[in-house]
Amino acid sequence: MDKASVKLAPSILAADFARLGEQVAEAERAGADRIHVDVMDGHFVHNISMGAPIVHSLRRVTNLQLEIHMMITDPDFFLDEFVKAGSDSFLVHWEGNNNLHRTVQRIKSLGKRAGVAINPATPAVALEQILPDVDQILVMTVNPGFGHQRFIDSTVPKIRRVRHMIAAVKPECELEVDGGIDEATAPLTVAAGANVLVAGSSIFGNGLEVCCAMQRLRQAIGDGPR
Ligand code: DX5
Ligand code: ZN
């Protein structure tokens with residue numbers, strides 16, 4: 001993977017919600033590629049996070065793309081609301097969706113980028129049929145639902161496998177990783193073929209300025225400061 005082309009997607013789950021606008025602005029100034037918004041409903045995962053009103057507020061304070069990670073049982077039901085709020089792309093899970101193809105087509109018909117996410121226990125081969133239809137694949141490197149979790153090492157060979165599938169079928173498709181991404185784990189995922197790194201606690205939750213935290217991540221993957 002060309003290290004200079006690796007993109008950072010700060011996840012606001014770890015941000016200080018009382019200063020959310022400020023923190024997103026800092027990430028934008030520091031060269032974030034997009035903002036990752038984790039939406040959880042307490043059913044698909046055992047946590048509740050945020051909904052479309054947050055996207056609506058963020059839309060007014062940033063020009064960055066807003067990428068919505070839907071960890072909810074019925075993503076289709078909420079798509080219109082999130083599009084209206086100003087979302088640019090959606091990551092929907094393979095798990096629990098009996099009509100994934102339909103969900104992906106709906107996202108595209110709304111004029112938005114579509115991505116499919118797989119959990120740590122879901123094999124790469126599950127993506128075979130849907131890959132030609134999507135703009136992004138998200139390999140979860142922790143079980144979804146919470147920030148600050150430990151990176152699951154066994155996901156690394158899967159990232160490599162997904163990279164090979166993408167190269168063979170749809171080279172322009174992005175390969176994103178999410179969960180436990182920090183200075184130690186980011187290089188492993190990039191070496192395996194990831195080109196978009198979601199990072200929550202290592203950007204917003206480690207006591208560093210957002211720009212320093214992002215710079216450290218970049219340096220860890222061998223990409224110079226910006
Ligand atoms: C977890 C979320 C992640 C989370 C990552 O379910 O999908 O996006 O914010 O947080 P860290 O980077 O702290 O693991
Ligand atoms: Zn996420």
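A polar contact is a pair of N or O atoms within 3.5 Å; within protein, one must be able to donate a hydrogen and the other to accept it, and residues adjacent in sequence count only if both atoms are side-chain atoms. In this predicted model, local features need pLDDT of at least 70, side-chain atom pairs count only at pLDDT 80 or more, and totals for chains, interfaces and linings use all residues. Residues are numbered from 1 along each chain as written, chains are lettered from A and ligands numbered from 1 in written order, and side-chain values use heavy atoms, without hydrogens or water.

Ligand 1 has an oxygen atom 2.6 Å from a side-chain N or O atom of Ser 201. A ligand oxygen also lies 2.8 Å from a backbone N or O atom of Gly 180. For the side chain of His 36, the corresponding distance is 3.4 Å. The protein covers 99% of the 380 Å² of accessible area that ligand 1 has on its own (Shrake-Rupley method, 1.4 Å probe).

The shell around ligand 1 holds 20 residues (a heavy atom within 4 Å). Ser 11, Gly 145, Asp 178, Gly 200 and Ser 201 come nearest. By class, the shell has eight nonpolar, 10 polar and two charged residues; Gly counts as polar. Strands S2 (34-40), S3 (65-71) and S8 (196-199) each give two or more residues. S2 gives the most, with three. Strands are DSSP runs (E) of at least two residues, and helices (H or I) of at least four.

Ligand 1 sits in the largest pocket (more than half of its atoms within 2 Å of the grid points). A pocket is an open set of points on a 1 Å grid over the protein atoms alone, with protein on both sides within 12 Å along at least five of seven lines; a cavity is a set where a 1.4 Å probe fits but cannot get out, and lining residues have an atom within 4 Å of a point. The pocket volume is about 260 Å³. Of its 25 lining residues, Phe 146, Gly 147, Asp 178, Gly 179 and Gly 180 are closest to the centre. S2, S3, S8 and helix H7 (201-204) each supply at least two lining residues.

The whole structure has one cavity of 30 Å³ or more.

Key
Points joined across faces, edges and corners; volume = space filled by probe spheres on them.
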